Amino acid sequence: MENIIIGRNPVMEAIKSGRTIEKILIKKGKYEGSIVPLVKKAKEAGIIIQEVERGKLDAIADGGNHQGVAAYVSDFKYSSVKDILNKASEMGEAPFVVLCDKITDPHNLGAIIRTAECAGVHGIIIPKRGSVGVNGTVEKTSAGAAEHMLIAKVTNLAQTIDELKKQGMWFAAADMDGEEMYNVDLKGSLGIIIGSEGSGVSRLVKEKCDFIAAIPMKGKINSLNASVAGGILMYEALRQRRY
């Protein structure tokens, strides 16, 4: 199956990151707005640009909002957990990592990646099985952030946590049964665990955590979307790390 990225931001970030791009399809007509610098950047990189009718882009996007552009790209290049730790070390910062425990909705994973990139997370770890990987929907939802985020796939999330603990990392799971997040120490070498959309953080992974952090709720609905909950916790960690 061909790998296709749609949308102006995701395609532009793919060009900037140096990812291998076979060709870019642009809707026929006058180039306007953010499509102008995108085309310029693509030409500078020597990428083939092909003008097509809107109908072709609609078919490729399969209902997604392509904004008049699509790109045929190489497979997403996953990193290793070591790469993530090295990045933190090179930046002179304590590791700040997000672990996704069986997130299956690509929109949720894309949103988590986007927030993580904005919040200064050094990398994201996902399991090889039972979780969505980085696909076109994830890249589109991440608004191009996936091109700048180190993402590692591991065989066993619980085992990875054990290995990272030996290197001095602490782990906090987002769960409504925990201690209010403002009272949890989220500074230092930290891994935030975001559970699946339906069942939350799995029992085995939760048992490995040092803290269970709950987001305060005042409304009548007592649960949040996985990516929203993860975003709130990431930014509380960022606040604590800065102050």
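Asp175 counts as buried, at 14% relative accessibility. I start there because the cut-off for buried is under 20% relative accessible area, and Asp175 falls on that side at 14%. Please keep in mind that this is a predicted model.

Asp175 has a charged partner. Lys206 forms a salt bridge with Asp175, and the closest N and O atoms are 3.0 Å apart. Lys206 sits in helix 8 and Asp175 in strand 8, residues 170-180, so the bridge ties together parts that are 31 residues apart in sequence. Lys206 itself is partly exposed, with a relative accessible area of 29%.

Asp162 pairs with Lys208, with 2.9 Å between the closest N and O atoms. Here the link runs from helix 7, residues 157-165, where Asp162 lies, to helix 8, residues 203-208, where Lys208 lies, and the two residues are 46 apart. Both ends are partly exposed: Asp162 has a relative accessible area of 29%, and Lys208 is at 22%.

How many salt bridges does the structure hold? The count is 12.

Glu236 and Arg239 meet through their side chains in a salt bridge of 2.7 Å, N to O. The two are three residues apart in helix 9, so about one helical turn separates them. Glu236 is buried at 5% relative accessibility, whereas Arg239 is partly exposed at 39%. Elsewhere, salt bridges with shared partners join Arg19, Glu139 and Glu147 into one network.

Let me stay with Glu139. Is Glu139 buried or exposed? Glu139 is buried, because its relative accessible area is 4%, and the limit for that label is under 20%. Glu139 is in helix 6. Leaving out neighbours within four places in sequence, Glu139 contacts Ile5, Pro10, Arg19, Phe76, Val134, Gly144, Ala146 and Glu147. Two residues in that contact list, Arg19 and Glu147, are also in the salt-bridge network with Glu139.

Helix 6 brings me to the pocket. The largest pocket has a volume of about 510 Å³. It is lined by 24 residues, and those closest to its centre are Ile4, Ile5, Asn135, Gly136 and Thr137. Which elements supply at least two residues each to that lining? They are strand 1, residues 3-6, helix 3, residues 54-61, and helix 6. Helix 6 gives the most, with five residues. Ile5, one of the residues closest to the pocket centre, is also among the contacts of Glu139.

Ser142 is in the loop between helix 6 and strand 7. Ser142 is buried, with a relative accessible area of 1%. Not counting residues up to four places away in sequence, Ser142 touches Gly110, Ile113 and Arg114. Ala143 lies in that loop too, between helix 6, residues 136-141, and strand 7, residues 150-154. The backbone at Ala143 has a positive phi of about 55°, although Ala143 is not a glycine.

Where else is phi positive in a residue other than glycine? Lys102 is one such place, with phi near 60°. Lys102 lies in the loop between strand 5, residues 96-100, and helix 5, residues 106-118. Lys102 is partly exposed, with a relative accessible area of 45%.

Ser17 and His148 are 131 residues apart in sequence, and their C-alpha atoms are 7.2 Å apart in space. Ser17 belongs to helix 1, residues 8-17, and counts as partly exposed at 32% relative accessibility.

Last, the surface. Met217, Leu224, Val228 and Ile232 form a nonpolar patch there, with about 280 Å² of accessible area together. Ile232 is in helix 9, residues 226-242, the helix that also holds the Glu236 and Arg239 pair. Ile232 is partly exposed, with a relative accessible area of 30%.

To recap the charged pairs: Lys206 bridges to Asp175, Asp162 to Lys208, and Glu236 to Arg239. As for the pocket, helix 6 is the element that gives the most to its lining. That is what I have.

Key
Residues numbered from 1 in each chain as written. Predicted model: local features only at pLDDT ≥ 70, side-chain atom pairs only at ≥ 80, totals over all residues. Heavy atoms only, no water. Patch = residues over 30% accessible without salt bridge, like charges linked within 9 Å, V, L, I, M, F, W, Y side chains within 5 Å. Areas by Shrake-Rupley, 256 points an atom, 1.4 Å probe, with all protein chains shown as cover. Salt bridge = Lys/Arg side-chain N within 4 Å of Asp/Glu carboxyl O. Helix = DSSP H or I, 4+ residues; strand = E, 2+ residues; numbered from the N terminus. Buried < 20%, exposed > 50% of the residue type's maximum accessible area, 1.4 Å probe, protein only. Contact = heavy atoms within 4.5 Å. 1 Å grid on protein atoms, 1.4 Å probe; cavity = no way out; pocket = protein on both sides within 12 Å on 5 of 7 lines; lining within 4 Å. Points joined across faces, edges and corners; volume = space filled by probe spheres on them.
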